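Reader: I've got a fold open on my screen and I'd like to learn how to read its helices and its sheet. Can you walk me through it?

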Amino acid sequence: MQYAKLKNDILTARERRDEELQKLLATLAGGSIIQLALNVPGCDKRPAGSEALFGWGQEQLCNALAPSLELFDVDALGPWVLYASAGDPVDVKMQCCRIEDYRDFARLLDFDVYAADGTVYDRQRLGLPQRSCLVCAAPARECIRTRRHTPMQVKERFEELLEPFTTAGVGRVAYRRAQG
């Protein structure tokens, strides 16, 4: 029963995120929309350190692009935010990729970039390599599809990557500031 509720909560969260994105896209005349979330495996989408990592990601994005905060929320998938930027979607996605690739732990950040017409600007569109798996160097989608790694292997690697944020508190101020 608990699994069914979690699954329903996650589906509801995804639908709401898409609805909010569509609302924001309807108001955008140009530029880009940036959605930031975390790649968190398992049922607990807000483990210790995740808020600090999320705040660090927001700080990096704001320092690089100075976007305007449009929506901040926490749902069954964890914290997420929508920003608007006057920047060209290609340039914005390139900057987001630089942040994601900055350090191993930044692999846990997930930046999605959309043009005003709703076009998704992903790594493939920009001719960049796919994101690698948390556990190995293979493309993440391939490892997920084939279930190459056990849930425990993925969770352990996730915890290793998140560890600097569980003790240092890096980014906690930015996270709280973004909440309002």
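Author: Start with handedness: a crossing is left-handed if the near helix is turned anticlockwise from the far one by less than a right angle, and right-handed if clockwise. Helices (H or I, at least four residues) and strands (E, at least two) are DSSP runs, numbered from the N terminus. Here, α2 passes α3 in a right-handed crossing.

Reader: Where do these coordinates and numbers come from?

Author: This is a predicted model: local features need pLDDT of at least 70, side-chain atom pairs count only at pLDDT 80 or more, and totals for chains, interfaces and linings use all residues. Residues are numbered from 1 along each chain as its sequence is written, and side-chain values use heavy atoms, with hydrogens and water left out.

Reader: Which residues of α2 and α3 meet?

Author: Contact means heavy atoms within 4.5 Å. On the α2 side you'll find W56, Q60, L61, A64 and L65, facing V92, Q95, C96 and I99 of α3. They divide into seven nonpolar, two polar and no charged (Ala, Val, Leu, Ile, Met, Phe, Trp, Tyr, Cys and Pro count as nonpolar, Asp, Glu, Lys and Arg as charged, and the others, Gly among them, as polar).

Reader: And in what order do the strands of the sheet run?

Author: Strands of a sheet pair through backbone hydrogen bonds, either parallel or antiparallel. Two strands count as paired if DSSP finds at least two bridges between them. This open sheet has five strands in the order β2-β3-β1-β4-β5, with antiparallel pairing. β2 (68-75) and β5 (120-121) are at the edges with a single partner strand each, so one side of each has no neighbour in the sheet. β2 pairs with β3 (residues 78-85) over seven bridges, and F72 has V81 in β3 as its bridge partner.
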